[in-house]
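This report reads a two-chain model from its overall fold down to the annotated positions. Please keep the sequence and the coordinates at hand while reading.

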Amino acid sequence: MLWEIDLHPRHAEDDRAAAQLVADAADLHWDEPLQAASARSYLVQGEALNAESAEKLAGELFSDPVVETAIVAPIGDASLHATPQRLEASENAQLVHVLLKPGVMDPVAQSAEAAARDFGLEIDAVRTLRKYWIAGEDSSKLSEEKAQQLATRLLANDAIEQVVVGPLPFDRLQLGGDYKFEIRTTPIRELDDEGLMRLSREGQLYLQLAEMQTIRQLYTDMQRDPTDIELETIAQTWSEHCSHKTLAGRIAYKDENGERQFDNMLKETIFEATQHLRRQWAKDETQDDWCVSVFKDNAGIVRFDDQFNLAFKVETHNHPSALEPYGGANTGMGGVIRDTIGTGLGAKPICNTDVFCFAPPDTPPESLPPGVLHPKLVMRGVVEGVRDYGNRMGIPTVNGSVFFDSRYLGNPLVYCGNVGLIPKDKSFKEPQPGDFIVAVGGRTGRDGIHGATFSSAELTSESESLSGGAVQIGNAIEEKKVLDVLLAARDQNLFTSITDCGAGGFSSAVGEMGEELGAEVWLERAPTKYAGLTYTEIWISEAQERMVLSVPEEKWEAVCSLCESEDVEATILGKFEPTGRLVLKYAGETVADLSMDFLHNGRPPVIREANYKPLATKPISLPERDNHNDDLLNILGSLNVASKEWIIRQYDHEVQGGSVVKPLVGVASDGPSDAAIVRPVLTSRRGVVISNGMNPCYGDYDPYHMAASAIDEAIRNCVAVGADPTRIAILDNFCWGDCERNETLGSLVRAALACHDLSIAFGTPFISGKDSLNNEFSYAGPDGKKETIAIPPTLLISAMGQIADVASAVTMDLKQSGNLLYLVGNTDDELGGSHFSLVNDLQGGRPPQVNTQSALQTFHAIHNAINQGCLAACHDLSEGGLAVAAAEMAFAGGLGAEISLAAVPAEGDSICATTRLFSESNSRFLCEVPPEKQQAFEAAMSEVAHAQVGAVNETDRLTISESAKRQVDCSLSELKAAWQAPLDW
Amino acid sequence: MSPRVLVLRAPGTNCDAETAHAFQMAGSSPSVVHLNRWLESPTRIADHEILCLPGGFSYGDDVAAGRIFANQLRHHLADALAEFREAGKLILGICNGFQVLIKSGLLDNDGPEGPTSTLDWNASGRFIDRWVHLEADSSRCVFLSGIERMYLPIAHAEGRFATKDSSTLEKLANSGQLVLRYVPNEGNPGEMNSASGDYNPNGAAGDVAGMTDTSGRVFGLMPHPERFVDRTQHPQWTRLPESKDGDEGAGLAIFKNAVRYFD
């Protein structure tokens, strides 16, 4: 029998879900003001369930009687449909149900089933749903059609949820269907080129013609047709997502400096820089190669201390987040955490970093192209998704940033990163012949089919309907359970290798692990969430929270009982065998038999051309100003610079107890920290420093300088809080548009060249990276023609530094009246792509460049000064330049400051006050120095450009003058208010 | 001999390591034990003096924070827990542990018609991580002995103390059980976070941040004392003069009180 339990807020309690709906409708300009009431509900199915047992469940499990009232009735009962009294328009409200689609992960229902059985009741299944009663504010009735529209736009996400207006149309929960085994083959040998491409498209393989032809040739030679699972396996392995074929492919690149041929672009730029540094360190006795494992495992590994190494990885989850922001970001976080868990023999995740790119949240709803979710809803969903995964896993999210540009409208970017701590002797893995292939963790379901191939395609207004199955929902607690047992199993040496099931599911995990050996897999053994999955669905499903281990036969029993002891499922799926083949079987029948060599090396090389044409430099014409108060307030209040406190405080940034420098610092804990510091080993004083650098605005001028600036920014953020500049490792993360266009690929290669040059110049190794191409959104415009929005080239540089003793850390808030303010580093005429240009809508000018030699000297000088205790505060100069840095330091510290522009160290004397205030020249720091440390500070700075530009005072104002003229004169409260206003949600 | 501490973890518990570390700093040798082990052998608690339920998201906060864990205690371990309490031993619940305690009735908050108080969603409807000023009633609870005020972090979504009605709140207050409250910062109002305004960040009834049972030996609190046992965990530590008490954070006092109780 199927019972429904509705839980309503008790009379004095807020109906928050209803209030949110009413507010969202107003926010997104819904036709008329609404009123609403809501309930959260459970459907519970069990043959023996009666009124008494259903009431008991409602009272002791599902409801909190202090704050909720429950309505318990068999499904369809009128009491479940009656409009709650708290809704005035009780006669006229429409009842709307929002349910997860069948087969979509419902973690709450899973937990509830187990908890209900703990009452000794026979339960078949539980499902959760949300109910709303909605009417016009004036008690007018919404039509059924309007209610459906409203729910589809604001309450449900079509990728995972369904809306039912009126009573629920079923009286039983479906528990999966039957599956009749049948091998499916595709007659690829007889297809012409057009047929091949149709197969590629319609089968969601997303492969190119040359690749399809190679596959056709293989099967022609073998004189048989491929099975569906073989084609899927090849497509997953060859997808852009899994093989990075464009950037690791052959590229003929041309720019103003001439032509260059790459056989493997990434290898010859970014990897090469790291190899160059390691060769240099190996030759020099005074140097030390502290890289442990780079560019080969799921995350890059470097040395931390005598006992531990650190693993670091940042991933993107853009396309899923565009379709279903919460689920996409949630599983993005879960996925990157699994990357570090699956690095070496397993790292313990110690902190997260997240960077997002959205269209402005105040985009008019009417202006959205079809198929696009409103950016405010996207942003809210993404933040909640990351929050719920990180918080529940107990991993502090300590660092991040958000960038806004209207070109991210249909294609937001979601970067999720994770740092792991790994014992030195657990940093490498190798599966052994004869090892069992063991799946650990969540069950396999129909969620997340075709994620790897879909993420390599362009998004369109129809992506949602085509690829809804590509969206997964996470269950963080399942992953936490898996983490707990895997770290224990690692420490007992129970497995020889581990990897995560990410894009491509078992297909990628087993394919990668068995690449050098060979593997046989018995697909019917995989535990599934429900019956009815085909062998192919089992193989490529991207259901979350699954890891694959290689377990020596004699250790299996120990793995099994360890997992069982903490309610984690572990299953033998097959065996690694030194056959060089990937053999897949279902119930004894062979459904695939491919050579590992063909899978991993058989893909025809992608050959592309890439061009970059530098922009002609245009001078920038600066507006005349009496003073720059408004410019400063406008930049502080621009979305990119503005306070992200609304996001930061939703993340637990202190769990694990190692928090040293938090994302918000200062006298009121609301100033923007340059980088975060955590102490991963509670008995040690050594710290990990996390920061990032990104500035797509500069990319519109020159991607080389954009990349160089991002690297400089990531490093200087790290150095500003006390990190040792010789122990900073960085990651690259390229999110670009469609790289089949020569110019788009050209801009990427140009950025990669900068990565190479800067990495070597700074002695800062890249240790891992990732790319996501095809970040474009297409839709049919008003005239029916195809319109495309491509994201701006976006390179995220994530930095992981180290600090020997966290007690030497410095924060950016001003500390003491009477202290001196020093500007370190030269200011140049570099307003191109600056935030001064952005808020004033100016074009032209030169984007910031990096002088690597003086930058490196500056980083070392600042580090020396910090180690000698010379700095009371230190802040890097970035968006908004000197003026913004000074304002942030002042209001964070609750102290005034007076600054003189005349003293600003500059290249040449010709630069004007506007430039001195707002130029975004790289490698600069504003430092607060106590008078008694002045001499030591000056000595530490002897080799680099620096000057005393002002002092800290007791006033509540920031004043910046040029000779007698006040360029900025604002109160701290005015500055802080401008900075906090835009995202104070 | 120092008391034996059992730090109890369940699926989704995630503050067990730092909580055990805090107990260790306080002079005990805690063991971290999975709930399943205790369920297998309910008497295993008998050879411990302190039971601690640390923070996290037990069972994912699915259904409601602490609910499923609390039901496990109610259904399977009620006798063992009753015996443990009657033996004069101590129980501490932090954050999710407090949610479990209050939903299991161990804080003497069940009336004849069921529970009279609970921890529900923050008034903002959101998870929040920030530091709060607290005032303690040091006379009613072993864990708060000698403590008047504290500055500690909270990090939760479902931490709003709520009672069935105002008379329940009054009754609990009169019985001296509401021993920890959010208070405005008297000394330095600047320390309050201006963006989130209020000193009581989750909207708790009576500003309640923690409560004890009638014996004073069972204590639950939403703030995380284990996150302030070292001076570098304080959000303004780079502004503070070096303390003469060394590097210890104020949260450690709660753990020391528990350990010292068995001296």
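## Overall form of chain A

The model is predicted, and local features are reported at pLDDT of at least 70. Chain A contains 30 helices and 40 strands, and its C-alpha trace extends over about 85 × 75 × 65 Å along the principal axes. The radius of gyration of chain A is 29 Å, which agrees with the value near 30 Å that a compact globule of 985 residues would have.

Of those 985 residues, 59% count as buried. Among the contacts in chain A that join residues at least 6 apart in sequence, 81% link residues at least 24 apart.

In chain A, helix α20 (residues 629-636) has D631(A), L632(A), L633(A), I635(A) and L636(A) as buried residues. The elements that cover these buried residues of α20(A) include the helices α25 (835-840), α27 (881-893), α28 (913-918) and α30 (972-980), together with the strand β40 (965-971), of chain A.

In chain B, helix α5 (residues 96-104) is mostly covered, with nine of its nine residues buried; among them are F98(B), Q99(B) and K103(B). The cover over the buried residues of α5(B) includes α3 and the strands β3 (50-53), β4 (90-94), β7, β12 (208-212) and β13 (218-221) of chain B. Just after α5(B), G105(B) adopts a positive phi of about 80 degrees.

## Contact between the chains

The contact draws 55 residues from chain B and 53 residues from chain A. On the side of chain B that touches chain A, the elements giving two or more residues are the helices α1 (16-25) and α3 (67-76) and the strands β6 (114-115), β7 (117-120), β8 (128-136), β9 (149-156) and β10 (160-163). Of these, α3(B) gives the most, with five residues. By class, this side of chain B has 19 nonpolar, 24 polar and twelve charged residues.

## Annotated positions in chain A

An unreviewed UniProt entry places the feature "active site" at H241(A) and H317(A). Although these positions are spread over 77 residues of sequence, they cluster in space, with a largest C-alpha distance of 10.7 Å. H241(A) lies in helix α8 (residues 240-243) of chain A and is buried because 27 other C-beta atoms are within 10 Å.

H317(A) sits in the loop between β11 (308-316) and α10 (318-323) of chain A, and it counts as buried because it has 29 C-beta neighbours inside 10 Å. Setting aside residues up to four places away in sequence, the contacts of H317(A) include T331(A), V414(A) and C416(A).

## Annotated positions in chain B

For chain B, UniProt (unreviewed entry) lists C95(B), H224(B) and E226(B) under "active site". They are spread over 132 residues of sequence but cluster in space, with a largest C-alpha distance of 10.8 Å. H224(B) is placed in the loop between β13 and α7 (252-260) of chain B and counts as buried, because it has 28 C-beta neighbours inside 10 Å. Leaving aside neighbours within four places in sequence, H224(B) is in contact with residues including C15(B), C95(B) and L152(B).

E226(B) is also found in the loop between β13 and α7 of chain B, and with 30 C-beta neighbours inside 10 Å it counts as buried. Not counting residues up to four places away in sequence, E226(B) touches G657(A) of chain A as well as C15(B), E18(B), T19(B), A22(B), I94(B) and G251(B).

Methods. Residues numbered from 1 in each chain as written. Chains lettered and ligands numbered in written order. Predicted model: local features only at pLDDT ≥ 70, side-chain atom pairs only at ≥ 80, totals over all residues. Contact = placed C-beta atoms within 7 Å. Helix = DSSP H or I, 4+ residues; strand = E, 2+ residues; numbered from the N terminus. Nonpolar A, V, L, I, M, F, W, Y, C, P; charged D, E, K, R; others polar. UniProt positions renumbered as here; feature names shortened; annotations may be inferred. Buried ≥ 20, exposed ≤ 12 C-beta atoms within 10 Å, placed from the backbone. Rg over C-alpha atoms; globule rule 2.2 N^0.38 Å.
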